[in-house]
Amino acid sequence: MKVECLKEKITTAISLAEKITSRNTTLPVLKCVLLEAKDNLLVIKATNLDLGIEITLPVKTEEVGIVAVPGNTLNTLITSLQGEKNIILETKNNNLQISTKRNKTLIKSYPHEDFPGIPEVSGAKKLTFNSKDLINGFKSVWYSSSISSMKPELSSIFVYPDNDSVVFVATDSFRLAEKKIKVKQKKDFSQILIPFKNIPEIIRTLEQAEGEINVFLSKNQISFEVNSIRLISRVIDGIFPDYKQILPKEATTEVVVLKQDLINSLKVANIFSDNFNQISMKISAKQKIFELSTKNGEVGENQDKLEAALSGEDIEISFNYKYINDSFQSIEADSVSLSFNGAGKPLVLRGVNDKSFLYLVSPMNK
Amino acid sequence: MLDNKKLWDSVLARVELLVSKGNFNVWFKPTYVLKQEEGIITLSVPNPFVKDWLSDKFHKTMLKILRELQENVRSIEYVISASQAPKEAPVFSGHMPTQELPLSDLYINPEDNLNPRYTFDSFVVGPFNELAHAAAQAIIKKPVAYNPLFIYGNTGLGKTHLMQAIGNQMKGQSGKKIYYVTSEKFSQDLVNCIQSNKMKNFKDKYRKYDCLIMDDVQFLSNKEKSQEELFHLFNYLYDNNKQLVFSSDKHPNFIPGLEERLKSRCVAGMMVDIPAPDQESRVAILQTKSRAHNFTLPREVADYLASSVEGNIRELEGLLNSLMHQSQVRGRELSLVEIKTLLKNSAKPIKNLSVKEVVKIVAGFYNIEEDSIYDKTRRKEVVRPRQLAMYILREEFNVSYPSIGQKLGGRDHTTVIHSCEKIKNELKVDNLLVQELTQIKALI
């Protein structure tokens, strides 16, 4: 093969594809990106068997052909070539030669016959999403997914339509994040469960696009198609737990506090938290006390009182610092509300005046 | 025929010779044979990449090897399913002290309320439920062939399984809108909608289905508003040629507090009774269930279990579960003697009551003197229990008419026949008597 193209274009494409190559060395060809020169098109493919990507670039093709080279090597090389506009990729004795005006490089190739195809999503349902909505939804909840592979549906992000919204949910059974995103048109699908491990790559790819993207959904796969990129991911054919039944309907104690105050306080408190990151909260509306305290036998202890609007019953309860802190990345409002439901019951965190995001944290056993 | 695992292991052994180690580990190792039917091998693959790879590049090779091992193999089909690989133990580091959210595992599809575990594949058909199974198949092949289909039978005989299987099968075939609901959920829904003033939503919700499956209709008894709504819903769906499937623990005519118009509509379609399973079916059920759990159940154990529990399949399952658990704990198969001692407490022994004991129970139930049953007296409060005692002896214990007569105070066998007939006829109309009889049966 022999193609010539703009370096800038191919750099973005290769760096996207390289992220998806396999780090696992069982099958070395999976570390590669596959370059396929067709009629004035260069198709770049990569897969780790969980995700697959296919990027099509318009190029000047002088000779069609196909080659597979290690993604890491190619990416580092191309990003390091400074100040060049055009770049020529050609095969020499089945290896890949990359040449610019000043530079000439030869990268050893792998047998491209071993490279798997990127499956087509067949029998799929077509949906369109705004890329910002999808990214926002994924980013708001994905950190709450379970890292254990015991229950695939908990290691996934659950997406379903609800009237004029699309709802994103993730939980690891200790905390749960739910984000509702308003959409213009009601979406016609029942549910999607995407493995959360694929989410960072999906977000990275979607960030390349503005506006609408096409999503094709079938029983086992989902594909995101944007500009010239096609990204496919496995979807889980399972059933997400009926989480709605555990969302508290009322609250016995309510606290409203400035988000930044709480973050600062938590940060200080965490210095003295124990091995389990335990942070105790003490709330008394009558005495107007909202106190965070931590205690570590080896390091020391800390108490911190916060300015807050309090109402309801008195309560003392402990949480894992990490779980509480995680939620702030999804709360945009300046103030957060904490709704308690008595000892031993989960806490609901929300941004004040923001109905779209809900975060549920289970307390620690005393 | 080789079993799935052996067959596939030998295929893999040969493939391993042909491909590189990396290729083998990535493409072949995570696959296994799901089932083989009529020469079609269904292969489970972990993801679409593997599916495409195998079907594009190795289909012919695999087929050739399969044919060498087993002549009748015609083709291979690929199914993407979650890997069978042993799952890692839960990681609890740092999480331990935090309570878990009470998320219940939900195996029920929220759209149609069906539990995907209930399928016809796991449904054991025996002489006892042949008719019900055939009726179910008929409405799947040709919806509204019988409308409504009404399945009744005692608890634990597989009514729910059958109904859910109908739903799952119909859904798989034609993509129709199916809804499974228990009568309890139905009335709960109704109450919620009345409270929130959303009756229109309620009506719209239930009327959009192509097939409505309602379980345990008997719980609607005396719930007038629910029955009224069901009545209208019934008419609407029936008129629009939609399938209805009902189940209950007894014939609709014997459900107390069910309105006549509903009763008559229920009996207008196909009524099927699921009686208690016979010994052979019980053995077959045990074997199917144990196979599903990968547990080998020796024939004589299955026979023993089946003979020790009559009627209820759920009870059979319970026994089997405790048995599997025990043998897992002990790490070996249990001998029949051990099983017998194990089950001594849980298994109900077959009843062998003397006539005298039955009379005692009946007399005790009606609070009359035991002796009066044997007497010649024709007082009304004694006649009824006496007749009932005769009926029970005849129906439940198969005692001959003459010997019943003889044992109950030297009566003629025709008296006994008359009594039995009388009770039998009354049972059809007298709900109170039906209830009394069930209560007495429970005492025996």
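Modeller: Happy to! A salt bridge here is a side-chain nitrogen of Lys or Arg within 4 Å of a carboxyl oxygen of Asp or Glu. With that rule, a search of the whole structure, over all chains, gives 34 salt bridges. Please keep in mind that this is a predicted model.

Let's begin in chain B. Lys200(B) and Asp204(B) form a salt bridge, with N and O 2.9 Å apart. Both residues belong to helix H7 (residues 199-207) of chain B and sit 4 residues apart, about one turn of the helix. Lys200(B) is exposed, because its relative accessible area is 59%, and Asp204(B) is partly exposed at 40%. Another helix to look at is H18 (residues 413-429) of chain B, where Glu426(B) and Lys422(B) are likewise 4 residues apart, about one turn of the helix. Their side chains meet in a salt bridge at 3.7 Å, N to O. Lys422(B) counts as partly exposed, since its relative accessibility is 33%. Salt bridges can also share partners: Asp172(A), Arg175(A), Lys322(A) and Asp326(A) are joined in this way into one network.

Chain A also has a pair with contrasting surroundings. Glu18(A) is bridged to Arg23(A), with the closest N and O atoms 4.0 Å apart. Glu18(A) is buried, because its relative accessible area is 9%, whereas Arg23(A) is exposed at 57%.

You will find Ser145(A) in the loop between helix H3 (131-141) and strand E11 (156-162) of chain A. Although a loop residue, Ser145(A) is buried, with a relative accessible area of 4%. A polar atom of the Ser145(A) side chain lies 3.5 Å from the backbone oxygen of Ser156(A).

Asp39(A) lies between E2 and strand E3 (41-47) of chain A and counts as exposed, because its relative accessibility is 66%. Beyond four places in sequence, Asp39(A) touches Thr61(A) and Val64(A). Its C-alpha is 10.0 Å from that of Val3(A), a residue 36 positions away in sequence. Strand E2 (residues 32-38) of chain A pairs with E6(A) in the antiparallel sense over 6 bridges, and one of the bridge pairs joins Cys32(A) to Pro70(A). E6(A) spans residues 65-70 and is mostly covered, with 5 of its 6 residues buried.

Now for the contact between the chains. Chain B and chain A bury about 3,600 Å² between them, 64% of it on carbon and sulfur atoms. How many salt bridges does the rule find across this interface? The number is 0, while 2 residue pairs are in polar contact, both at pLDDT 80 or more. On the chain B side, helix H2 (21-28) and helix H3 (48-69) are the elements that give two or more residues. That side of chain B divides into 17 nonpolar, 10 polar and 7 charged residues. Altogether the contact takes 34 residues from chain B and 47 from chain A.

Conventions: Residues are numbered from 1 along each chain as its sequence is written. Chains are lettered from A and ligands numbered from 1 in the order in which they are written. This is a predicted model: local features need pLDDT of at least 70, side-chain atom pairs count only at pLDDT 80 or more; totals for chains, interfaces and linings use all residues. Side-chain values use heavy atoms; hydrogens and water are left out. Buried means under 20% relative accessible area, exposed over 50%, partly exposed in between (1.4 Å probe, protein chains only). Two strands pair if DSSP finds at least two bridges between them. Contact means heavy atoms within 4.5 Å. Buried area is the accessible area (1.4 Å probe) that two parts lose on being put together, summed over both. A polar contact is a pair of N or O atoms within 3.5 Å; within protein, one must be able to donate a hydrogen and the other to accept it, and residues adjacent in sequence count only if both atoms are side-chain atoms. Ala, Val, Leu, Ile, Met, Phe, Trp, Tyr, Cys and Pro count as nonpolar, Asp, Glu, Lys and Arg as charged, and the others, Gly among them, as polar.
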